[in-house]
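Me: I've got a model open and would like to work through its packing and charge pairs. Can we take it one feature at a time?

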Amino acid sequence: MTWTPEPRVLVLTRARDETADYVLRELNRRGVPFMRTDVADFPLRTALSAELRPEGSWRGALTGASRALALEGLRAVWWRKPTPFGFPSSMSGPERAFAESQARRAVGGILGSSPEVLWVNRPEAIADCTKPRQLSAAAAAGLTVPETLITNRPGDVAEFAERCGGRVVTKSLGSIRYSGEGKNGRLYTSQVPPHRWNDPRISLTAHLFQREITDKAYEIRVAAVDGRLFPVVIRAPEGPGRLDWRRDIDNLNYTSTTLPTAVEEGIHTLLHSLGLVFATLDIIVDTQNVHYLVDVNANGQWGWIDQTHEPIIHALADLLEKGTR
Ligand SMILES: Nc1ncnc2c1ncn2[C@@H]1O[C@H](COP(=O)(O)OP(=O)(O)O)[C@@H](O)[C@H]1O
Ligand SMILES: [Mg+2]
């Protein structure tokens, strides 16, 4: 039997995850031992057993079909895109809810209790990175953020829109995908024309309205990995991609760029205050060269942009290899 070194890195993600594969290939190339599993593998395919030691650490292992990870050797957790715990279908609803609560506290608590372990990123930090919180943290970090109103009072929209020169957009506070009851699609950023400012349906839940940056020169997608920034200019051709580049994803033009120092510094402060070691950020640059921060994605995609693909793979592998900072 060949000896394989103990994994130091735990990668939690779904079975099919091309983005994770890129980085794991690089870890393999470097000879950095890791264990890859999904949260959904617990409890049927992955076992966890840990005992509290007198000085406060948890000693034990996470054991999968082909690999085991000793907790004392763990240095980094990459929380990529895991799927929920997988319980037997024989369980009743209440049993499943109880089992989920137990598993979440045990797995999250044991893996999360060691200060020796670097998380990319902590799931709590990802959950906390809501649009209201990130925009507030961005403004406090000195970045320019478009005027934003979040409301369920239709009467407040018109006054806000008029202050924005009559041009406002709305966008989802969370995921842009929706599905169910025979409907599915994506909620892209869209303009809110004056006849919709008083739409009574606004009262049915919270909505985010923002000044539309009408003199957009181009947009920037920045990946941030452990303090290293990888910005790329995104230009969309005339058409729907000019408002939201995801509407024209096959026709975008990408070029590498650098950011003004003040924007770089703002991003470092912002990510520090959000507790994130990795994020992708969306920036709009207007014709006056003002950089507007509009979005922080705590678990954003980056794999599809050729210009930064390789450097980000290396930066993430460096971070996971290094582990605790
Ligand atoms: N205030 C705005 N003015 C003009 N375009 C915007 C504005 N806010 C967002 N966009 C466009 O819509 C896209 C998606 O918005 P974003 O703020 O990144 O939210 P999310 O990605 O969560 O839907 C941006 O990348 C940008 O192209
Ligand atoms: Mg975005």
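Me: Okay, helices to start with: is the crossing of H4 and H6 left-handed or right-handed?
Reply: Helices (H or I, at least four residues) and strands (E, at least two) are DSSP runs numbered from the N terminus. A crossing is left-handed if the near helix is turned anticlockwise from the far one by less than a right angle, and right-handed if clockwise. In this predicted model, the crossing of H4 and H6 is right-handed.

Me: Which pLDDT do side-chain atom pairs need to count here?
Reply: Residues are numbered from 1 along each chain as its sequence is written, while chains are lettered from A and ligands numbered from 1 in the order in which they are written. Side-chain values use heavy atoms, leaving out hydrogens and water; totals for chains, interfaces and linings use all residues, local features need pLDDT of at least 70, and side-chain atom pairs count only at pLDDT 80 or more.

Me: At roughly what angle do the axes of H4 and H6 cross?
Reply: Axes are lines fitted to C-alpha atoms (for helices, over the stretch in contact), with angles running from 0 to 180 degrees between N-to-C directions. Under 35 degrees counts as roughly parallel, over 145 as roughly antiparallel, 65 to 115 as roughly perpendicular, and the rest as oblique. H4 and H6 are therefore oblique to each other: the axes of H4 (residues 131–140) and H6 (residues 261–274) come within 9 Å and cross at roughly 135°.

Me: Which residues of H6 do the H4 residues meet?
Reply: Contact means heavy atoms within 4.5 Å. On the H4 side we have Arg133, Gln134, Ala137 and Ala138, and in H6 they meet Leu270, Ser273 and Leu274.

Me: And H1 with H7: how far apart are their axes?
Reply: H1 (residues 18–30) passes H7 in a right-handed crossing. The two helices pack at an angle of about 60°, H7 covering residues 306–322, with axes apart by 9 Å.

Me: How many residues of the contact of H1 with H7 are charged?
Reply: Tyr22, Val23, Glu26, Leu27, Arg29 and Arg30 in H1 meet a set of H7 residues that includes His309, Ile313, Asp318 and Glu321. Ala, Val, Leu, Ile, Met, Phe, Trp, Tyr, Cys and Pro count as nonpolar, Asp, Glu, Lys and Arg as charged, and the others, Gly among them, as polar. The contact divides into seven nonpolar, two polar and, for charged, five.

Me: Charges, then. Which residue forms a salt bridge with lysine 322?
Reply: A salt bridge is a side-chain nitrogen of Lys or Arg within 4 Å of a carboxyl oxygen of Asp or Glu, and a search of the whole structure finds 23. For lysine 322 the closest N and O atoms are 2.9 Å apart. Lysine 322 is in helix H7, and its partner, 96 residues apart, is in the loop between strand E14 (216–225) and strand E15 (228–235). That partner is aspartate 226.

Me: Which strand holds the arginine that pairs with aspartate 318?
Reply: The side chains of aspartate 318 and arginine 228 meet in a salt bridge, 3.0 Å from N to O. The pair ties together parts that are 90 residues apart in sequence, because aspartate 318 lies in helix H7 and arginine 228 in strand E15.

Me: Which residues are linked with Arg228 and Asp318 in a network of salt bridges?
Reply: Side chains of opposite charge can pair when their charged atoms come close. Here Arg228 and Asp318 belong to a network whose other members are Glu26, Arg29, Arg30 and Glu321.

Me: Is aspartate 244 buried or exposed?
Reply: Aspartate 244 forms a salt bridge with arginine 246, with 2.9 Å between the closest N and O atoms. Buried means under 20% relative accessible area, exposed over 50%, and partly exposed in between (1.4 Å probe, protein chains only). Arginine 246, at 30%, is partly exposed, whereas aspartate 244, at 6%, is buried.

Me: How far apart in space are proline 231 and lysine 183?
Reply: Proline 231 sits in strand E15 and counts as buried at 11% relative accessibility. Among the residues it touches are Ile220, Val222, Ser256 and Leu259. Lysine 183 is 48 residues away in sequence, and the C-alpha to C-alpha distance is 35 Å.

Key:
Lists of a residue's contacts leave out its neighbours within four places in sequence.
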